[in-house]
Amino acid sequence: MMTNNFDKALPYLESLSVLELLRVHRWTLHKLYDLGVVRTLNAPQGDWAETLVAEAYSGELVKRSGKGRDVLVDEMSIQVKSRVLRKKGSNKSSSIRSWDFEKLVAVIFDTRDLGVKEAREFDRDWVENRANYQGYVNAESLSLNATLMRSGEDVTERLEEAAVALDSRLSNS
């Protein structure tokens, strides 16, 4: 969800040079890291998806070394996979190296603003039966395509609400 502040900043951002945009990008990542929204300084969509799922499910993020799971809700572990919606390119998830989870939440983000376009929850067994082995990384992956995203439980609204709640809480801290 874009705010009026974002709309006001757009003309300024559009006037910046490439180097200035890169500096704003890095500053933004550091600010998100300091707020605890992302856990690394890499591209933020994976960390953002995990943070949204933790918020939406009232769970907690697993330590970065947590094998096969990203979020823990009571005794249930959740693996989170995300992609930014693109017209061209791969729609494969990142690697699934362990099946040590009960649920998998797949999140598709809008390419312009990282808004949640679609999110689905799947049982581990369902995912395992549809994953594809990728020999070059010795792991499984999912194709987060339209067919897959019509399956599972739709949790899009739940994640959208989590994004608004996080934005409100962290922006006012």
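Is Leu19 buried or exposed? Leu19 is exposed, with a relative accessible area of 55%; here buried means under 20% relative accessible area, exposed over 50% and partly exposed in between (1.4 Å probe, protein chains only).

Before going further, a word on the model: it is predicted, local features need pLDDT of at least 70, side-chain atom pairs count only at pLDDT 80 or more, and totals for chains, interfaces and linings use all residues. Residues are numbered from 1 along each chain as its sequence is written, and side-chain values use heavy atoms, with hydrogens and water left out.

**The surface patch**

Leu19 sits in helix H2 (residues 18-35); helices are DSSP runs of H or I with at least four residues, numbered from the N terminus. Together with Val18 and Leu22, Leu19 forms a nonpolar patch on the surface, with about 310 Å² of accessible area for the three. Such a patch takes residues with over 30% relative accessible area and no salt bridge, joining nonpolar side chains (Val, Leu, Ile, Met, Phe, Trp, Tyr) within 5 Å. The areas come from the Shrake-Rupley method with a 1.4 Å probe, and for residues only the protein chains shown count as cover.

**Salt bridges**

The structure holds 9 salt bridges, each a side-chain nitrogen of Lys or Arg within 4 Å of a carboxyl oxygen of Asp or Glu. Here are some of them, including two made by Arg124.

| Pair | N to O distance |
|---|---|
| Lys117 and Asp110 | 4.0 Å |
| Arg124 and Asp125 | 2.7 Å |
| Arg124 and Glu128 | 2.5 Å |

Arg124 and Glu128 both belong to helix H4 (residues 124-128), where they lie 4 residues apart, about one turn of the helix. Arg124 is partly exposed at 23% relative accessibility, as is Glu128 at 34%, and Asp125 is partly exposed with 47%. Lys117 is also partly exposed, at 46%. Elsewhere, salt bridges link Lys103, Glu121 and Asp123 in a network.

**Rings**

You will find 2 aromatic pairs in the structure. The rings of Trp99 and Phe101 have centres 5.7 Å apart and planes at 35°, so this pair is tilted. Phe122 and Trp126 make a stacked pair, 4.7 Å centre to centre with 10° between the planes. Rings of Phe, Tyr and Trp (its six-membered ring) pair if their centres lie within 6.5 Å; planes under 30 degrees apart count as stacked, over 60 as edge-to-face and the rest as tilted. Phe101 is buried at 2%, whereas Trp99 is partly exposed at 21%. Likewise, Phe122 is buried at 2% and Trp126 is partly exposed at 23%.

Terms used: Helix = DSSP H or I, 4+ residues; strand = E, 2+ residues; numbered from the N terminus. Patch = residues over 30% accessible without salt bridge, like charges linked within 9 Å, V, L, I, M, F, W, Y side chains within 5 Å.
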